[in-house]
Amino acid sequence: IIEDLNWALSEGGLAEATFPENGFRITNGTVETLLADVHLQRAGYPVQDETSYAAAATAARNVIGSGVYSLIEHGPGLENSAYNVLRTSDNEPEYIYAIEFEESIQDNGWLPAYSYPSQMAALGLFTYAITTNVYRPVDEFIRVYDPESDLRVQEQQFFHTQREIDGELYEFELSPYLYHDTEALFETNRGDKNINVYRYAEVLLIAAEAIARSEGVTAEAVEYLADVRSRAYWETDRAEIEAELSGLSEQEFVEEVWKERLREFALEYKVWADIQRTRLYPVTSEDDPGEVTFVNVIGHTNPWGSTFQEHHLLFPISDDELQRNPALVQNPGY
């Protein structure tokens with residue numbers, strides 16, 4: 001993978017532009033970001049090549065130093081927050097790579113319908129036959145957020161619990177708002193919002209973690225983590241955030257990066273990869289929301305009563321792959 005990505009950087013003739021600016025085609029930044037992510041994964045389990053932290057930092061710095069990307073900024077009013085722009089717009093300088101959808105060619109399936117629980121479908125308000133909260137954030141997860149300080153967990157940011165429709169207010173269990181597509185839900189039945197795979201926010205967090213691991217908790221590492229956190233803690237003075245982060249040990253700082261990854265990518269399918277590479281499971285506190293501790297995933301019991309075993313860290317190889325290639329051996333435990 002690394003050899004292919006380095007070839008793409010040197011020989012690919014790729015554009016130095018954001019993904020939307022390049023007509024939603026692969027760019028130099030896409031390749032560098034994937035390279036940074038690969039090196040970060042190699043630094044963790046099962047490879048544990050700690051020299052890969054420096055390589056991840058280099059690749060992430062290249063993306064940052066290109067000057068091409070920036071975080072989405074908040075507009076006037078919470079309805080125009082960066083997180084609502086993230087929900088509604090495909091053309092932003094934060095986007096590095098996305099899975100593209102276009103309603104006249106291929107829509108994004110049931111994604112908009114995941115933004116309401118199933119009981120809401122009985123009201124007959126939506127163009128979708130059913131709604132289903134398949135990505136419902138359980139209490140144990142939602143406690144990764146500070147409910148007072150973090151904008152992401154406020155109503156109609158990443159999540160929602162109510163909506164006014166035709167003058168009537170409906171209330172329901174906490175559901176993903178990031179997938180909410182008003183036009184698809186109430187008019188067309190065909191969502192065309194892209195699914196982001198890499199955003200600039202992730203590059204900043206990869207850089208913060210990789211620099212801290214390879215060079216220590218430097219001002220640069222603090223700056224990158226503070227960039228992401230200060231956008232979410234929109235009413236907290238940035239200097240206060242930076243001062244708090246600067247006083248942390250390497251391990252404490254890296255754990256703050258992990259917490260921010262949980263909060264920022266809650267609905268972008270990043271959690272399990274982090275658990276695989278760290279072998280640590282995030283545990284939250286009912287008495288102290290916003291605080292997270294990390295425990296050994298092997299032997300830990302999840303909110304549904306299942307205990308993780310070592311073989312769960314790898315997925316099983318599907319039967320069709322095993323039949324295609326007799327040289328493959330099924331992963332242990334399956």
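Predicted model: local features only at pLDDT ≥ 70, side-chain atom pairs only at ≥ 80, totals over all residues.
In soluble globular proteins, nonpolar side chains tend to be buried together. Here, the largest nonpolar core takes in 69 residues, and Y145, Y200 and F253 have the most contacts inside it. As for who supplies this core, helix α7 (residues 200–215) gives the most, with eleven residues. Setting aside neighbours within four places in sequence, Y145 touches D150, R152, V153, F158 and F159, along with L262, R263, A266, P289 and G290. There is also a second, separate core of ten residues, with Y116, F126, Y128 and L185 among them.

Next come the strands. Strand β1 (residues 95–99) and β4 run antiparallel and are joined by four bridges.

On to the helices. Two packed helices are described by the angle between their axes and the distance between the axes. For helix α10 (residues 250–264) and helix α11 (residues 271–278), the axes come within 10 Å and cross at roughly 155°. With angles over 145 degrees counting as roughly antiparallel, α10 and α11 are therefore roughly antiparallel to each other. On the α10 side, W258, R261 and L262 do the meeting; on the α11 side, V271, D274, R277 and T278 do. Sorted by class, that contact is made of three nonpolar, one polar and three charged residues.

The loop between α10 and α11 holds Y269, which has a positive phi of about 65° despite not being a glycine. Y269 counts as partly exposed, at 45% relative accessibility.

Q48, not a glycine either, has a positive phi of about 55° and sits in the loop between α2 and α3. Its relative accessible area is 44%, and Q48 is thus partly exposed. That loop, between α2 (28–43) and α3 (52–65), also contains P46. The peptide bond joining Y45 and P46 is cis, with omega at about 0°.

Notes: Residues numbered from 1 in each chain as written. Heavy atoms only, no water. Axes fitted to C-alpha atoms, helices over the stretch in contact; angles between N-to-C directions. Helix = DSSP H or I, 4+ residues; strand = E, 2+ residues; numbered from the N terminus. Parallel < 35°, antiparallel > 145°, perpendicular 65-115°, else oblique. Contact = heavy atoms within 4.5 Å. Nonpolar A, V, L, I, M, F, W, Y, C, P; charged D, E, K, R; others polar. Core = buried A, V, L, I, M, F, W, Y, C linked by side-chain atoms within 4.5 Å. Buried < 20%, exposed > 50% of the residue type's maximum accessible area, 1.4 Å probe, protein only. Pairing = 2+ DSSP bridges.
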